[in-house]
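Please read the briefing below alongside the sequence and the coordinates.

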Amino acid sequence: MQTDISGGDDRIPLEDVGAAIREGRGLRPALLYRIVVLDEELNERHLDLNDPVPTGRQILQTAAARSADDYSIYAILPSGEFEDLRLDETYDLRGRGAERFVIFQTDRAFKFTIDDRQLEWGKPIISGRVLKALAGVPTDTYDVYLEVRGGGQDVLIRDTDLIDLGKAGIERFITLIRDTTEGLVALPESDQRYLDSHGIAAEVVGDGPHVGVVLKQVSLPTGKFDYPSADVLVILPPGYPDVAPDMFFCDPWLRLVPAGRYPNCADQPHVFLGRRWQRWSRHNSSWRPGIDGLHTMIKRIEHALEEAK
């Protein structure tokens with residue numbers, strides 16, 4: 001079925017749906033409407049449709065899927081979430097804000113969340129690189145972790161690692177900025193949920209106008225420091241969680257084993273709550289309001305402790 005939206009011959013040859021979305025305008029009457037389709041490796045190609053209100057089956061057939069009944073198709077919404085397209089239901093390109101569609105040769109969907117967004121994937125196997133692409137983060141500066149609940153250590157997933165979404169417990173992922181450089185009374189609900197789900201003991205504390213959270217007895221990399229665990233302080237700036245925390249602080253002070261010295265840029269004191277903390281000068285200006293939070297800082301801290309020299 002083809003939907004006529006012009007009623008005349010004033011149609012332009014080709015309307016780019018993505019360009020219309022980016023320019024914030026409606027679709028113009030056209031002979032063809034260009035969308036983007038992606039395969040399971042997220043390889044993109046253009047697809048030109050003669051109908052602005054296609055069915056899922058029309059898109060699949062235009063994409064030369066041999067048998068549409070063997071495929072699944074999802075619209076990738078501006079939020080990054082997926083919307084399932086049924087084969088014989090129409091999808092109006094004019095008002096949905098979606099220009100990209102991903103196609104799988106399967107009839108089963110595997111659900112998971114990444115950075116608190118629920119997604120579906122049409123294959124049981126997914127790579128770290130694809131997870132980052134779905135999260136919309138750069139592959140070279142971000143890491144992706146499998147969240148392990150119940151106090152376990154989150155698992156770093158490298159770009160080439162393949163994850164089986166069909167296994168129990170493989171359902172929640174988070175991304176975070178990989179590297180740091182030298183240099184509230186109550187936590188947001190998402191932070192508290194993360195702490196609770198990971199069995200991390202923490203206390204929100206105040207010192208004058210400043211607010212921080214103390215992570216209690218954080219386990220340290222085995223054999224790296226002269227203590228097996230330490231309290232870690234994160235000071236929450238005004239505007240947090242829309243504004244990034246900076247640096248972190250440890251008590252007791254940590255020395256590298258066997259060097260017997262403090263790590264680089266971790267030899268200055270900072271007094272907070274009457275305690276003399278070891279300041280770790282680690283900075284990163286990248287922060288994603290609405291996505292990043294205490295879980296991001298915890299991963300940065302873990303990375304900084306692991307890489308300390």
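Predicted model: local features only at pLDDT ≥ 70, side-chain atom pairs only at ≥ 80, totals over all residues.

Residues are numbered from 1 along each chain as its sequence is written, and side-chain values use heavy atoms, with hydrogens and water left out. The chain is assigned domain 1 (11–107), domain 2 (108–178) and domain 3 (189–307), these bounds coming from an automatic or database domain assignment.

**Domains and their contact**

- The C-alpha centres of domain 1 and domain 2 are 25 Å apart.
- To the contact between them, domain 1 contributes 13 residues and domain 2 contributes 13 residues, where contact means heavy atoms within 4.5 Å.

**Nonpolar cores**

- A nonpolar core is here a set of buried Ala, Val, Leu, Ile, Met, Phe, Trp, Tyr and Cys residues joined through side-chain atoms within 4.5 Å; buried means under 20% relative accessible area, exposed over 50%, and partly exposed in between, with a 1.4 Å probe and protein chains only.
- The largest nonpolar core has 31 residues, of which Phe225, Phe248, Leu254, Trp280, Leu294 and Leu305 touch the most other members.
- Two or more residues of this core come from each of strand 13 (172–177), helix 4 (189–197), strand 16 (210–219), strand 17 (229–236), strand 18 (248–251) and helix 5 (294–307); helices (H or I, at least four residues) and strands (E, at least two) are DSSP runs, numbered from the N terminus.
- Helix 5 gives the most to this core, with six residues.
- Because domain 2 (108–178) and domain 3 (189–307) both give residues to this core, it lies between them.
- A second, separate core has 27 residues, including Leu38, Phe82, Phe104 and Ile170.
- As general background, nonpolar side chains tend to be buried together in soluble globular proteins.

- Phe225 touches Leu220, Leu254, Arg255, Leu256, Val257, Pro263, Trp280, Leu305 and Ala308, leaving aside residues up to four places away in sequence.
- Phe248 is found in strand 18 and counts as buried because its relative accessible area is 2%.
- With residues up to four places away in sequence again left out, the residues that Phe248 touches are Val232, Leu233, Gln278, Arg279, Trp280, Arg282, Ile301, Ala304 and Leu305.
- Phe248 and His283 are 35 residues apart along the chain, and their C-alpha atoms are separated by 9.3 Å.

**Salt bridges**

- The structure holds 19 salt bridges, each defined as a side-chain nitrogen of Lys or Arg within 4 Å of a carboxyl oxygen of Asp or Glu.
- Glu99 is paired with Arg22 in a salt bridge whose closest N and O atoms are 3.3 Å apart.
- This pair links distant parts of the chain, 77 residues apart, with Glu99 in the loop between strand 5 (82–85) and strand 6 (100–104) and Arg22 in helix 1 (residues 17–23).
- Glu99 counts as buried because its relative accessibility is 19%, whereas Arg22, at 60%, counts as exposed.
- Asp115 and Arg288 meet through their side chains in a salt bridge of 3.7 Å, N to O, and both Asp115 and Arg288 are buried.
- Arg172 forms a salt bridge with Glu147, with 3.8 Å between the closest N and O atoms.
- That pair also spans distant parts of the chain, 25 residues apart, since Arg172 lies in strand 13 and Glu147 in the loop between strand 10 (142–146) and strand 11 (155–157); both Arg172 and Glu147 are buried.

- Helix 3 (residues 128–135) is largely enclosed by the rest of the structure, because six of its eight residues are buried.
- Those buried in helix 3 are Gly128, Val130, Leu131, Lys132, Leu134 and Ala135, and just after this helix Gly136 takes a positive phi of about 75 degrees.
- In helix 4 the buried residues are Asp191, Tyr194, Leu195 and Ser197, and just after helix 4 Gly199 takes a positive phi of about 65 degrees.

**Surface patch**

- Leu14, Leu31 and Leu32 form a nonpolar surface patch with about 220 Å² of accessible area together.
- Patches are made of residues with over 30% relative accessible area and no salt bridge, like charges being joined within 9 Å and nonpolar side chains (Val, Leu, Ile, Met, Phe, Trp, Tyr) within 5 Å; accessible areas come from the Shrake-Rupley method with a 1.4 Å probe, and for residues only the protein chains shown count as cover.
- Leu32 lies in strand 2 (residues 30–38) and, at 32% relative accessibility, counts as partly exposed.
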